[in-house]
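Hi,

Here is the structure I said I would pass on.

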Amino acid sequence: MGAGFLPAADGLFWYLGVVASVWLGLRAGYRLLSGIRVWVLGDGAQVGPRLGKWAVVTGATDGIGKAYSVELAKRGMSIVLISRSSDKLDQVAREIKEKFNVDTKTIKADFGDDDHIYKIIKGGLEGLEIGVLVNNVGTSYEYPEYFLDIPDLDNMLNKVIKINISSVCKMTRLVLPSMLERSKGVILNISSASAINPVPLLTIYSATKVFVDFFSRGLHAEYKSKGIIVQSVLPFYVATKMSKIRKPTWDKPSPEIYVQSALKTVGLQSQTNGYLPHAIMGWIMNTLVPVSAAISLGLNVNKSVRARYLKKSKEK
């Protein structure tokens with residue numbers, strides 16, 4: 001009995017090995033073809049005035065928000081810029097209008113304020129044919145810190161939740177109904193790669209970006225059959241004022257390079273890292289790095305950043 005069992009077992013394992021090899025080969029081939037489709041063939045050409053005359057961008061005067069405003073204007077869309085600084089709004093609106101000869105409109109709003117700002121925004125958007133909404137506005141810590149040691153913790157909690165979570169829901173609530181009436185529209189919600197795994201010492205920020213990611217993907221599933229695209233955008237580091245990175249590199253691109261790349265993925269990925277090097281980093285984080293190792297790495301990196309910040313603060 002024992003002698004007859006061994007060949008049968010060997011045969012079973014051989015077939016299992018073949019099946020596993022074929023499955024892994026097919027999966028790798030699918031990923032390769034998907035990657036070519038997104039990063040080589042994708043052009044995001046559907047993102048433009050055919051969706052509607054206007055694009056609305058929150059946090060529109062700096063970094064990624066400004067880059068989306070400029071890129072969408074370059075494609076012929078008129079731009080509603082929403083931010084808290086009147087001077088910056090006027091400056092960016094003037095630059096866009098002069099360079100691309102499109103209409104612009106500005107709405108001053110601080111998303112950290114009370115809900116009355118949404119009445120102001122609603123009034124400012126009244127009657128506009130909105131094809132694209134970019135929910136970009138966001139805020140983070142001044143420096144990495146332990147939860148209970150965050151300066152002015154209660155106010156900081158309210159501010160981060162209002163800006164990073166409530167703004168995405170409430171702006172979508174304002175814009176989505178008119179998109180549904182026309183059965184077309186694109187909503188781009190800027191999450192963060194910090195939503196992939198928890199990031200200690202930036203815990204609140206990381207958690208809010210998980211909400212943005214889940215909200216976006218759930219909403220996309222609800223409304224894609226009705227002609228609406230909702231995309232969750234999860235960048236790693238981009239050279240912006242918020243990230244405190246001044247000089248762009250291949251893996252930390254300028255906002256302009258990042259947005260040009262991210263727009264090419266619209267309609268192809270409901271969740272995207274937006275930029276090929278970031279997509280590779282995202283794949284590594286999701287596939288090769290254990291979650292516990294990623295959390296430990298984030299903790300150690302942020303401990304170092306925190307220590308440097310506090311040391312500089314004491315020297316001043």
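Below is what turned up when I went through the model.

Before anything else: this is a predicted model, so please read the values that follow as computed from it.

Aromatic rings first. The count comes to four aromatic pairs, and I'll go through two of them here. In one, Phe-111 and Tyr-118 have ring centres 6.0 Å apart and planes at 55 degrees, which falls between the 30 and 60 degree limits, so the pair is tilted. Phe-111 is buried, because its relative accessibility is 3%, and Tyr-118 is buried too, at 10%. Tyr-118 has a further contact: the charged end of Lys-170 sits over its ring, 5.7 Å from the centre.

The other pair is Tyr-258 with Tyr-275, whose centres are 6.4 Å apart and whose planes meet at 55 degrees, so this one is tilted as well.

On to helix 8, which covers residues 276-287 and holds Trp-283. What makes up the nonpolar surface patch of about 460 Å²? The residues are Leu-276, Ile-280, Trp-283, Ile-284 and Leu-288. Trp-283 itself counts as partly exposed, because its relative accessibility of 39% lies between the 20% and 50% cut-offs.

There is also some annotation to set beside the model. The UniProt record, an unreviewed entry, lists residues 12-30, 186-207 and 280-301 under "transmembrane region". What do two of these spans look like in the model? Residues 280-301 are 86% helix and 0% strand, with the end C-alpha atoms 20 Å apart. For residues 186-207 the figures are 23% helix and 23% strand, and the end C-alpha atoms lie 24 Å apart.

One last item concerns Met-156, in helix 5 (residues 153-182). Is Met-156 buried or exposed? Its relative accessible area is 13%, so it is buried. Met-156 and Ile-204 are 48 residues apart in sequence, and their C-alpha atoms are 9.6 Å apart in space.

Cheers

Terms used
Residues are numbered from 1 along each chain as its sequence is written. This is a predicted model: local features need pLDDT of at least 70, side-chain atom pairs count only at pLDDT 80 or more; totals for chains, interfaces and linings use all residues. Side-chain values use heavy atoms; hydrogens and water are left out. Patches are made of residues with over 30% relative accessible area and no salt bridge: like charges are joined within 9 Å, nonpolar side chains (Val, Leu, Ile, Met, Phe, Trp, Tyr) within 5 Å. Accessible areas come from the Shrake-Rupley method with a 1.4 Å probe; for residues, only the protein chains shown count as cover. A salt bridge is a side-chain nitrogen of Lys or Arg within 4 Å of a carboxyl oxygen of Asp or Glu. Helices (H or I, at least four residues) and strands (E, at least two) are DSSP runs, numbered from the N terminus. Buried means under 20% relative accessible area, exposed over 50%, partly exposed in between (1.4 Å probe, protein chains only). UniProt positions are given in the numbering used here, feature names are shortened, and annotations may be inferred rather than shown by experiment. Rings of Phe, Tyr and Trp (its six-membered ring) pair if their centres lie within 6.5 Å; planes under 30 degrees apart count as stacked, over 60 as edge-to-face and the rest as tilted. A charge sits over a ring if NZ of Lys or CZ of Arg is within 6 Å of the ring centre and within 35 degrees of the ring normal.
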